[in-house]
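Please keep the sequence and the 3D view open while reading.

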Amino acid sequence: MKVVVEVVEMKRVFVIGLDALSPKLAERFAKDGTCPNFKRIMDNGCFSKALSAVPAQTPENWTTIATGSWPGTHGIATWGRHSYGEPVTEIHGDEAMSSNLCKAEYLWEAAARQGLKSVLHYFVGYPPTTDMTIHVDWFWRPGIFYFEICSNACYVSDALAVDVKGNSKTTLIPIKFREAEGWVNVPKVYSPPLETEIKVLPNVGGRGVSYYALLLDVDGCGYQMCLLSKDKDCSKALCTLKEGEWSGWFRETFVVEGEDKVGTVRFKLVELSRDGGKFKLYRSQVYPVSGFTHPPKVAERLVERFGPYINDAVSWTFFRGLVDEQTFIEEFEYQIRWIADAAGYLMNKGASLYMMHWHLLDTLEHRILGSVDPVGGKYNSEKAEEAWRILRLGYRIADELVGEFLKYLDEETYLIVVSDHGSMPQRKRYSIVKALADRGLVEVEEHKGTKRVNWAKSKIFISLTNVYVNLKSKYKGGVVEDSEYENVRREVIDVLRSCKDQYGDYVIAFALRREDAPMIGLWGEHVGDVVFAYSPAFAWGHVDFLNEGSTIIGGASHGPMIPTAETEISSNYATFMMIGKNVKKGYVRPVDMMGPVQLVDVAPTVSYILGIEPPKHCQGRVLYDFFEGWDISEMKREQRPLRFPVKRPLVGDVTDRELSKDAVPP
Ligand SMILES: [Zn+2]
């Protein structure tokens with residue numbers, strides 16, 4: 001008997017999650033040549049702005065992307081999950097991105113249920129819930145890394161340390177050089193060698209490693225070489241660095257919480273003045289060589305193949321002026337190549353779905369956007385050009401990352417670039433807490449000479465854009481009787497809707513009862529009794545309760561403001577781009593006709609490409625209009641005459657009219 005085996009090529013989707021990628025900036029930088037890979041996708045694929053769920057924050061929206069369901073359903077309606085039966089102030093913030101809190105099925109769980117394997121990189125959804133999914137790293141909290149042993153840092157000599165203020169101890173490590181003693185096998189030198197110790201200590205304490213750094217003058221023109229060694233023996237040096245050079249990676253054993261952990265570290269000599277007075281040595285982030293993946297063994301294979309892994313490339317040391325732009329570029333280029341190479345390798349082992357998250361643009365926009373956008377409260381036109389340059393640099397790296405993935409594009413492989421929200425400049429902060437305290441809704445107390453809110457004793461608790469009434473019947477330690485519930489809510493809504501500052505601007509864009517919130521995707525016990533969002537350019541106002549009226553501030557954010565907030569330069573909308581076979585070329589969704597993409601649409605669209613059912617709780621729809629052959633032009637119907645028996649103007653709706661005319665007879 002002849003057996004016919006039908007070979008069906010498996011479809012694959014790479015979802016590149018770029019936190020805070022703004023549609024307006026993506027378009028601008030695609031047009032001006034900064035982002036050629038974004039342009040390639042826009043020209044040969046599709047582009048749209050995308051609507052985030054409220055609040056336009058990170059955990060809520062990555063979970064929305066991952067499940068295709070609204071926060072009312074997946075339960076992450078704040079930075080964590082708020083539940084009955086616990087103290088009203090408990091939101092489980094550390095678990096915001098974890099599978100422990102998410103009540104909806106993830107896309108990769110749906111894929112696994114239907115026999116498809118997935119790979120997640122630095123994504124939500126850890127701890128693992130299926131063996132069909134490989135997790136590489138986990139997106140726990142922005143700027144803090146779940147598996148990290150030591151954060152990146154810069155060792156700076158005294159002369160430089162005075163120039164760099166505002167650096168935390170872990171980022172900036174001051175060192176002092178002294179005349180070297182007890183060294184052997186020292187090469188011929190023209191000045192007395194200088195030495196110091198470079199200690200690499202785990203963030204949470206424990207035992208680290210220590211190197212000697214020795215500065216050498218080998219040509220009689222001053223110190224131009226830095227040698228790193230475990231012993232005072234130049235013949236055993238691990239590396240000899242000139243300014244601008246990187247060491248190799250050193251594999252070291254650290255003791256963290258009583259356990260041995262093997263991690264990797266490398267250094268770059270960023271600056272060395274000839275007199276030895278100015279010295280900056282950058283230290284990469286120390287990540288373990290195993291265990292940062294599920295299954296744990298995958299990590300070792302990846303490190304063996306692609307070198308040590310880093311999650312946090314220079315970022316903070318760059319923003320604090322400790323390392324230069326070149327170091328920023330070099331670290332990120334190392335990181336993005338690692339991510340893309342590991343993705344290709346793991347996906348080639350029969351996986352269909354890849355989802356990743358990358359955070360640089362969010363970090364950058366929080367710091368820079370208020371300086372490039374004239375709406376920003378601290379905007380200064382003289383500093384704008386430099387801010388634009390830095391912002392462009394970040395977008396260039398993001399574009400390079402996408403470019404690394406474009407090489408996987410083929411007949412069966414699709415690429416989606418998506419963000420969780422955009423970013424907006426801040427202009428004002430208005431204390432809604434003060435307004436609420438004035439009405440007795442929050443308790444203010446003295447603490448060490450300053451005033452602060454005692455939320456546990458207050459009638460309400462604010463978590464981002466949710467207001468929870470602290471009911472005795474629902475929360476441990478609650479203070480409000482059920483009979484007071486409606487009064488408290490009415491008061492809260494009244495205060496929020498009345499907040500108007502000295503410039504005549506309303507602070508709050510909307511404040512709704514929980515029952516009215518389904519129209520913005522919010523329902524269920526985890527959502528506030530009142531939900532609200534701030535007007536464009538307003539910062540969080542529940543932290544600064546002393547001020548009367550608005551204070552002009554700088555910076556940028558996304559979470560407080562309505563997801564539709566925009567200026568000429570900035571947008572709080574998220575971004576969606578897609579390229580692949582049968583995807584329309586150069587299509588920009590006509591938002592006036594179809595509305596923006598919604599982040600709940602990502603999971604069903606990926607499911608459609610893969611030929612699987614979407615996740616169980618998915619509420620989004622397939623973006624059919626992004627595919628060839630789907631026509632969304634307005635329906636042109638023959639206009640057929642209608643005959644109305646009576647012609648009269650319509651006031652309100654018909655029922656209003658009829659009721660007022662034919663009132664119940666006396
Ligand atoms: Zn985010």
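This is a predicted model: local features need pLDDT of at least 70, side-chain atom pairs count only at pLDDT 80 or more; totals for chains, interfaces and linings use all residues.

Which residue in E25 stands opposite Ile 460? The residue opposite Ile 460 is Val 469.

**Whole chain**
- The protein chain holds 16 helices and 32 strands.
- Its radius of gyration is 28 Å, close to the 26 Å that the globule rule gives for 666 residues, so the chain is as compact as a globular protein of that length.
- Taken along the principal axes, the C-alpha atoms fill a box of roughly 115 × 90 × 50 Å.
- Buried residues make up 49% of the 666 in the protein chain.
- Of the contacts between residues at least 6 apart in sequence, 67% join residues at least 24 apart.

**The sheet around E24 and E25**
- Strands of a sheet pair through backbone hydrogen bonds, in either a parallel or an antiparallel way.
- Here 4 strands make an open sheet in the order E24-E25-E27-E26, with antiparallel pairing.
- Strand E24 (460-463) and strand E26 (508-513) are the edge strands, each pairing on one side only.
- From one strand to the next, the twist averages 20°.
- E24 and strand E25 (residues 466-469) run antiparallel and are joined by 4 bridges; Ile 460 and Val 469 face each other across this pair.
- Helix H13 (residues 485-498) packs on the sheet and touches E24, E25, E26 and strand E27 (530-534). The direction of H13 makes about 165° with that of E26.

**Cis peptide bonds**
- Most residues other than glycine have a negative phi, and most peptide bonds are trans.
- The bond from Val 54 to Pro 55 is cis, with omega near -5°. Pro 55 sits in the loop between strand E2 (46-51) and helix H3 (58-67).
- The bond from His 294 to Pro 295 is cis, with omega near -5°. Pro 295 belongs to the loop between strand E17 (293-294) and helix H7 (297-306).

**Positive phi outside glycine**
- Asn 185 has a positive phi of about 55° although it is not a glycine, and its place is in the loop between strand E7 (178-179) and strand E8 (194-200). Asn 185 counts as exposed because it has 10 C-beta neighbours inside 10 Å.
- Asn 582 has a positive phi near 70° and lies in the loop between strand E30 (574-579) and strand E31 (587-588). With 12 other C-beta atoms within 10 Å, Asn 582 is exposed.

Note on methods. Residues are numbered from 1 along each chain as its sequence is written. Helices (H or I, at least four residues) and strands (E, at least two) are DSSP runs, numbered from the N terminus. A residue is buried if 20 or more other C-beta atoms lie within 10 Å of its own, exposed if 12 or fewer, and partly exposed in between; C-beta atoms are placed from the backbone. The radius of gyration is taken over C-alpha atoms; the globule rule is 2.2 Å times the number of residues to the power 0.38. Two residues are in contact if their C-beta atoms, placed from the backbone, lie within 7 Å. Two strands pair if DSSP finds at least two bridges between them. Axes are lines fitted to C-alpha atoms, for helices over the stretch in contact, and angles run from 0 to 180 degrees between N-to-C directions.
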